[in-house]
Amino acid sequence: VKDLIPNCEYYFRVKAVNKIGGGDYLELRNPIIAEDPKQPPDPPVDLEVHNATSKSVTLTWKPPLFDGGSKIMGYIIEKLAKGKERWQRCNDYLVPLLTYTVKGLEEGQEYQFRARAENAAGISEPSRTTPFVKAVDPIEAPKVFLAANLQSGLEVKRGDEIILEAHISGSPYPSITWLRNDEVVRPEDIKKRVTVPKKKKGESILSVRDSIRADHGTFTIKVENDHGVAKASCEVNVLDTPGPPVNFVFEDLRKNSVICKWEPPLDDGGSEILNYVLEKKDNTKAEMGWVTVSSTLRHCKFHVTKLIEGKEYLFRVFAENRVGAGPPCVSKPMTAKDPFSPPDAPNKPDVEDVTSNSMLVKWNEPKDNGSPIIGYWIEKREINSTHWARVNRNLVNALEVKVEGLLEGLTYIFRVCAENAAGPGKFSPPSDPKTAQDPIIVPGPPSCPEVKDKTKSSVALAWKPPQKDGGSPIKGYIVEMQDEGSTDWKKVNEGDKLFPTCECVIPNLKELRKYRFRVKAVNAAGESEPSPATSEIPVQDILEEPEIFLDLGAQDLLSCRAGTTIKIPAVIKGRPVPKTFWEYEGKAKTAAKVEATDTRSEIIIPDCNRSHSGRYSITAKNKAGQKTVHVRVNVLDVPGPPKDLKVSDVTRGSCKLSWKMPDDDGGDRIRGYVIEKRNIDGKAWTKVNPNCGSTSFVVPDLITGQEYFFRVRAENRFGVGPPAETIQRTTARDPIHPPDPPIKLRIGLVTKNTVSLTWKPPKNDGGAPVTHYNVE
């Protein structure tokens with residue numbers, strides 16, 4: 001009995017049942033409680049000792065592998081001192097957790113420990129005993145950790161107090177030394193602004209009052225005892241305004257502009273330089289003040305414009321960080337004037353690499369007239385137009401430029417001018433006219449051919465087209481081959497019979513001979529260079545063992561209705577093409593039709609019936625081997641006739657029919673039986689029971705003295721099968737037995753040759769009228 005509810009009480013009873021019905025129940029007198037049997041638990045496992053000191057030790061363990069069928073209530077810890085015989089209990093109350101700290105140990109004494117588990121059924125056996133553990137304090141090397149807020153460094157503003165806090169451990173307690181930039185910190189070294197107040201054991205604090213920029217650096221605390229040295233460091237940054245920028249110089253001096261350049265301050269004040277403030281002053285007028293040129297400069301360079309030619313100027317620059325602006329750096333006086341003139345015109349440009357939409361324009365560098373050339377401007381003009389159009393939006397730093405976006409078929413001319421710090425110079429003479437059109441050359445070589453397939457007399461090749469078509473579409477390909485042992489290449493196809501695609505089959509090769517192949521691409525300009533050649537390829541059949549793939553609907557078991565057509569398709573693979581044949585239960589199926597190709601075979605059985613059920617096999621065979629795949633077919637139909645139909649227990653109003661299940665259930669479960677009767681004088685059958693669930697039935701409501709025939713048909717989900725009929729007629733009457741003997745036999749008149757007899761009929765006529773009497 002399964003699926004009981006734990007801790008519930010249950011009664012059970014049982015009775016016997018036969019075809020007449022059920023008898024009386026036999027019941028349990030007392031209820032049964034659904035619960036597992038309980039027993040003391042197994043001992044705890046993996047008892048381990050941790051953190052031993054002179055007074056205590058910590059134990060950990062794992063629960064028992066089996067709790068005895070009851071929840072573990074807790075654990076008992078016991079100890080045994082070395083030299084003692086009696087175990088002592090360590091805990092007054094059960095330990096609910098899997099760890100316990102035993103206290104009150106004697107320093108220097110060695111102990112063993114064990115643990116027991118307890119549940120409602122009792123206490124377990126003790127666990128495995130630990131090795132002896134000595135109650136002594138551990139030897140600990142020194143350790144030091146800075147406070148959490150100092151892990152990533154400390155940043156303060158000038159004038160704020162620097163406070164560094166450290167946490168220290170070690171046995172014996174270590175000595176403490178504070179260092180800055182690897183030098184010992186002393187109050188006199190920092191003008192008596194530093195203090196190291198005494199704190200409780202395990203802590204140390206360094207304090208520096210009225211911090212200045214020079215206090216920044218790496219502060220380190222070093223702790224040391226007999227067992228080692230430990231250090232912890234913190235980067236301290238004291239924020240202040242930056243120092244003055246340095247090395248202020250002028251570049252690219254012009255009559256109305258100049259580039260001011262400087263270098264960052266030597267000290268950024270401990271914070272990133274956010275920007276620079278640049279100011280200028282007219283040095284020819286003493287009463288004129290400083291004017292801000294820009295206050296948001298991110299870089300150490302600025303192009304100052306709108307200067308007045310001939311005037312003398314002073315410049316100064318400040319650096320700013322998030323604390324504020326530092327002192328300025330002042331430049332030397334500067335007079336605004338031009339030191340050079342625009343460059344000369346370049347020579348006439350040359351035009352090369354002409355395509356349908358681009359041309360390459362080249363020129364020589366002209367004289368720069370005192371200032372380096374910073375770039376060139378290029379213009380183009382269509383030959384029939386009068387308008388010059390700018391080619392480049394930005395200055396070109398090279399002596400050539402590829403002009404794109406040209407219109408195919410139009411003719412163009414180009415001109416160039418150079419520009420230096422003084423501005424653009426004159427344009428060059430125009431180039432010779434060129435028409436935008438693609439040049440046509442032979443294509444590049446195709447890729448190395450790959451073998452896609454081969455037989456004993458042919459090889460199938462495939463390759464990739466060339467990366468460049470030479471400006472003309474690829475017309476086709478020429479394949480060349482080299483025989484084994486030869487150095488000559490022979491064309492497989494001539495130029496008038498090009499292969500149109502990147503694949504071909506080369507026939508009429510000699511079996512087991514080796515060949516190499518290469519490919520050439522052909523366009524309007526001619527043949528390309530040959531592709532890389534293949535390695536030597538032996539000409540022979542590729543052997544592949546047969547493979548058979550049945551249609552997904554036909555795998556393992558195929559079910560179908562009687563009267564339909566059975567089709568079992570299979571896909572065949574293998575090299576050479578396998579020969580296939582079908583079998584039914586190990587023999588050829590004559591009624592079946594097989595349709596087959598090189599890659600597919602299908603067996604077809606039209607108008608199937610139950611006799612077609614069974615195992616079908618398909619076998620594929622070639623030189624490489626053979627493969628057989630099986631599939632079972634189940635043809636579903638109505639069931640066959642029931643067997644051994646018998647009539648018994650005939651009375652005047654009923655009779656009993658009994659039979660056996662059909663030999664063939666039609667491939668499906670028998671759902672019931674249809675029982676029918678027919679009067680001997682009638683032709684129609686009357687249903688007695690349309691769905692009898694057993695193999696016997698008592699037919700009621702018969703007419704006394706009437707003669708009947710009976711039949712039974714089995715039914716499944718596909719319909720009602722053929723009947724089993726009674727051969728002999730059955731008369732509805734009670735059973736007939738011989739009558740009782742007559743009674744009161746008496747002798748009457750007696751003569752010399754006769755005697756007169758009288759009697760009374762029997763009390764029971766045996767179920768039928770007495771027809772006559774026999775006198776003996």
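Guide: A residue is called buried when its relative accessible area is under 20%, exposed when that value is over 50%, and partly exposed in between. The structure above is a predicted model.

Visitor: How is that scale applied to Glu484: what is its relative accessible area?

Guide: Glu484 has a relative accessible area of 37%, so this residue is partly exposed.

Visitor: Which residue does the side chain of Glu484 meet in a salt bridge?

Guide: The partner is Arg513, with an N to O distance of 4.0 Å.

Visitor: How many salt bridges does a search of the whole structure find?

Guide: The search finds 34 salt bridges. One of them joins Arg114 and Glu78, whose closest N and O atoms are 2.5 Å apart. Arg114 belongs to strand S12 (residues 110-119) and Glu78 to strand S9 (residues 74-81), so this pair connects parts that are 36 residues apart in sequence.

Visitor: Are Arg114 and Glu78 buried or exposed?

Guide: Arg114 has a relative accessible area of 15%, which means that it is buried. Glu78, at 12%, is buried too.

Visitor: Which parts of the chain does the pair of Arg213 and Asp267 link?

Guide: The side chains of these two residues meet in a salt bridge at 3.0 Å, N to O. Arg213 is in the loop between S21 and S22, whereas Asp267 is in the loop between strand S25 (258-263) and strand S26 (275-282), 54 residues apart. Arg213 counts as buried at 14% relative accessibility, while Asp267 is partly exposed at 29%. Salt bridges can also be linked in a network, as with Glu480, Lys491, Arg518, Lys520 and Glu527.

Visitor: Let us turn to nonpolar residues. How many residues has the largest nonpolar core?

Guide: A nonpolar core is a set of buried residues joined through side-chain atoms within 4.5 Å. The largest in this model has 23 residues, and Val144, Leu154, Ile162, Leu164 and Ile221 have the most contacts inside it. Elements giving two or more residues to this core include strand S15 (140-146), strand S17 (162-171) and strand S22 (217-225). S23 gives the most, with five residues.

Visitor: Which residues does Ile221 touch?

Guide: Leaving aside residues up to four places away in sequence, Ile221 touches several residues, among them Val144, Leu146, Ile168, Trp178 and Ala232. There is also a second, separate core of 21 residues, including Trp582 and Val633.

Visitor: Where do nonpolar residues form a patch on the surface?

Guide: Leu745, Ile747, Val750, Val755, Leu757, Trp759, Val770, Tyr773 and Val775 form such a patch, with about 820 Å² of accessible area together. Strand S64 (743-750) and strand S65 (755-760) are the elements that give two or more residues to the patch. Val750, which lies in strand S64, counts as exposed because its relative accessibility is 52%.

Visitor: Finally, where does UniProt place the feature "domain: Fibronectin type-III"?

Guide: The unreviewed UniProt entry places this feature at several spans, among them 43-138 and 244-339. Residues 43-138 are 0% helix and 42% strand, with end C-alpha atoms 31 Å apart. Residues 244-339 are 0% helix and 46% strand, and their end C-alpha atoms lie 31 Å apart.

Terms used. Residues are numbered from 1 along each chain as its sequence is written. This is a predicted model: local features need pLDDT of at least 70, side-chain atom pairs count only at pLDDT 80 or more; totals for chains, interfaces and linings use all residues. Side-chain values use heavy atoms; hydrogens and water are left out. Patches are made of residues with over 30% relative accessible area and no salt bridge: like charges are joined within 9 Å, nonpolar side chains (Val, Leu, Ile, Met, Phe, Trp, Tyr) within 5 Å. Accessible areas come from the Shrake-Rupley method with a 1.4 Å probe; for residues, only the protein chains shown count as cover. Helices (H or I, at least four residues) and strands (E, at least two) are DSSP runs, numbered from the N terminus. Buried means under 20% relative accessible area, exposed over 50%, partly exposed in between (1.4 Å probe, protein chains only). Contact means heavy atoms within 4.5 Å. UniProt positions are given in the numbering used here, feature names are shortened, and annotations may be inferred rather than shown by experiment.
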